[in-house]
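I open a notebook page for a structure I have not looked at before.

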Amino acid sequence: MLTDDNLADLLRSSFADATKTVTPTTDLVSTVRRKHVAAQRRRVAVRVGVPAVAAASVGVALAVPAQHAATHRAPQAARVSTPLPISSSNLAQASYRVAFPQKFGTVGCVERPASGQASTWLLEAGNCGSGVSAVITTDTSLPADAKPIAIDGLTGVYGRTDGDTRTVWAHNDRGSYSALTVNASTPDSDIAAFFTPAS
Amino acid sequence: MQLGTDFDDFVRVASPGLLRTAFLLCGDRGHAEDMVQTALLRTARRWSTAHAQPVAYARRVLVNLAKDRWRDRARRPLEHESAELELQLEPEDAQIVLRHTLLPLLMSLPARQRAVLTLRYLDDLSVEETAAALGCSGGTVKSQTHDALNRLRTLLAEDTLKEINHADR
């Protein structure tokens, strides 16, 4: 009668015999890497196509002063669009909705700047006059002196710095441009957080 | 997360062992390679979590894939799984004959028991490591090992009896 130890030894040698010729037939490193990259592209493509519902306070945005903004990170929905996949969807111009990232707080004060267009809003987190403010324009045109800029996570955006403010324009789904004016020292990652890919 | 050279090193070192485990779990070389690729891809996707213990992570994924396959196969008509395992062994002496007999019998064990024996006696995992890979308690691993060895012993005895009867005819 075989004891448990005998049987275990037999199993070990049986397993060793049965698997001695079992080795990977393909170069798994390159195969897995290739499939991983392809899967990442598919996931990004799906996410870019889905508007971020959580950031859908349409038409409002908030810029955070540099000392406050430095403590915040861009929300995931804005960052995942970084490596745009090569597909027919991004052959067309990328469109964005300017939206207030909820993680920065709740907009408590919305005003129209005296000199602004009808679609321009001055926003502040918390109470009016608290010092945390930003200006967005939801329907405007691209000025001739705006230059294409590279902000991680955004494609086809333009920018211009005027003194201590910086304005970023992005094409929107209405066929015009949306603009966000923030403190010039606001990090790119915080700026990117305001832009959500439009469906 | 970008994959670095540490992932490549992990794949090179761990894939032969994972493939052998997968082969014994499913009994089919082609399926085993598919399962290993899928396990490695899922490990790559969660590399930030998995890189602390990548082999354990990949093995857990592999076992889960095997479970999915067992469930799927349980709904289908029975196929002869052990054909490939049998073909790999050429009996030369009594010990090898016994080993030859053992593997087909292993494939006839319930999936969970087969997994426990594979992880414990092919991968030489401890009870705790086996429990982690299977997502069960150490006590369950011990009882499954005990039941599996008893079952194998019974099957071996029945098999030997059949051969004696066959030889007597």
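**Entry 1: chain B, overall**

Among contacts in chain B between residues at least 6 apart in sequence, what percentage join residues at least 24 apart? I looked it up, and the share is 59%.

I remind myself that this is a predicted model. Next I went through the elements of chain B. I found nine helices and zero strands. Read from the N terminus, the order is α-α-α-α-α-α-α-α-α. Chain B has 169 residues, and I noted that 37% of them are buried.

**Entry 2**

I marked residues 81–93 of chain B, where pLDDT stays under 50. The model still has 26 contacts beyond four places in sequence for that stretch.

Then I checked chain A. Its mean pLDDT is 72, and 63% of its residues reach 70 or more. I wrote a caution beside both stretches: where pLDDT is low, the predicted coordinates should not be read in detail.

**Entry 3: where the chains touch**

How many residues of chain A are in contact with chain B? I found 26 residues of chain A in contact with 29 residues of chain B. On the chain A side, helix H1 (4–19) and helix H2 (28–49) are the elements that give two or more residues. H1(A) supplies the largest share, 12 residues. I sorted the chain A side by class and got 13 nonpolar, eight polar and five charged residues.

**Entry 4: H1 and H2 of chain B**

I turned to the helix pairs. Two packed helices are described by the angle between their axes and the distance between the axes. I took helix H1 (residues 5–26) and helix H2 (residues 29–45) of chain B. They pack at an angle of about 140 degrees, with their axes 8 Å apart. H1(B) and H2(B) are therefore oblique to each other. I noted a right-handed crossing where H1(B) passes H2(B).

Which residues meet here? From H1(B) I listed several, including B:Phe7, B:Val11, B:Leu18 and B:Phe23. From H2(B) the residues include B:Ala32, B:Met35, B:Val36 and B:Leu40. By class, this contact of H1(B) with H2(B) has 13 nonpolar, two polar and two charged residues.

**Entry 5: H7 and H8 of chain B**

The next pair is helix H7 (residues 111–121) and helix H8 (residues 127–134) of chain B. Their angle is about 135 degrees, and their axes are 10 Å apart. That makes H7(B) oblique to H8(B). The crossing of H7(B) past H8(B) is right-handed. On H7(B) I found B:Ala115, B:Val116, B:Leu119 and B:Arg120 meeting B:Thr130, B:Ala133 and B:Leu134 on H8(B). I counted five nonpolar, one polar and one charged residues in this contact.

Is H7(B) mostly covered or mostly uncovered? It is mostly covered, with eight of its 11 residues buried. Among the buried ones I noted B:Arg114, B:Leu117 and B:Tyr121.

I also looked into the loop between H7 and H8 of chain B, where B:Asp124 sits. Most residues other than glycine have a negative phi. B:Asp124 is not a glycine, yet its phi is positive, about 55 degrees. B:Asp124 counts as exposed because it has 10 C-beta neighbours inside 10 Å.

**Entry 6: two single residues**

I picked B:Met107, in helix H6 (residues 94–107) of chain B. It has 18 C-beta neighbours inside 10 Å, so B:Met107 counts as partly exposed. B:Leu24 is 83 residues from B:Met107 in sequence, but their C-alpha atoms are 8.3 Å apart.

In chain A I picked A:Ser178, in strand S8 (residues 177–183). Why is A:Ser178 buried? It is buried because 27 other C-beta atoms lie within 10 Å. Beyond four places in sequence, A:Ser178 is in contact with residues including A:Tyr96, A:Val98 and A:Ile136. A:Ser178 and A:Ile136 are 42 residues apart in sequence and 7.3 Å apart in space, C-alpha to C-alpha.

Note on methods. Residues are numbered from 1 along each chain as its sequence is written. Chains are lettered from A and ligands numbered from 1 in the order in which they are written. This is a predicted model: local features need pLDDT of at least 70, side-chain atom pairs count only at pLDDT 80 or more; totals for chains, interfaces and linings use all residues. Two residues are in contact if their C-beta atoms, placed from the backbone, lie within 7 Å. Helices (H or I, at least four residues) and strands (E, at least two) are DSSP runs, numbered from the N terminus. Ala, Val, Leu, Ile, Met, Phe, Trp, Tyr, Cys and Pro count as nonpolar, Asp, Glu, Lys and Arg as charged, and the others, Gly among them, as polar. pLDDT is the predictor's confidence in each residue, from 0 to 100. A residue is buried if 20 or more other C-beta atoms lie within 10 Å of its own, exposed if 12 or fewer, and partly exposed in between; C-beta atoms are placed from the backbone. Axes are lines fitted to C-alpha atoms, for helices over the stretch in contact, and angles run from 0 to 180 degrees between N-to-C directions. Angles under 35 degrees count as roughly parallel, over 145 as roughly antiparallel, 65 to 115 as roughly perpendicular and the rest as oblique. A crossing is left-handed if the near helix is turned anticlockwise from the far one by less than a right angle, and right-handed if clockwise.
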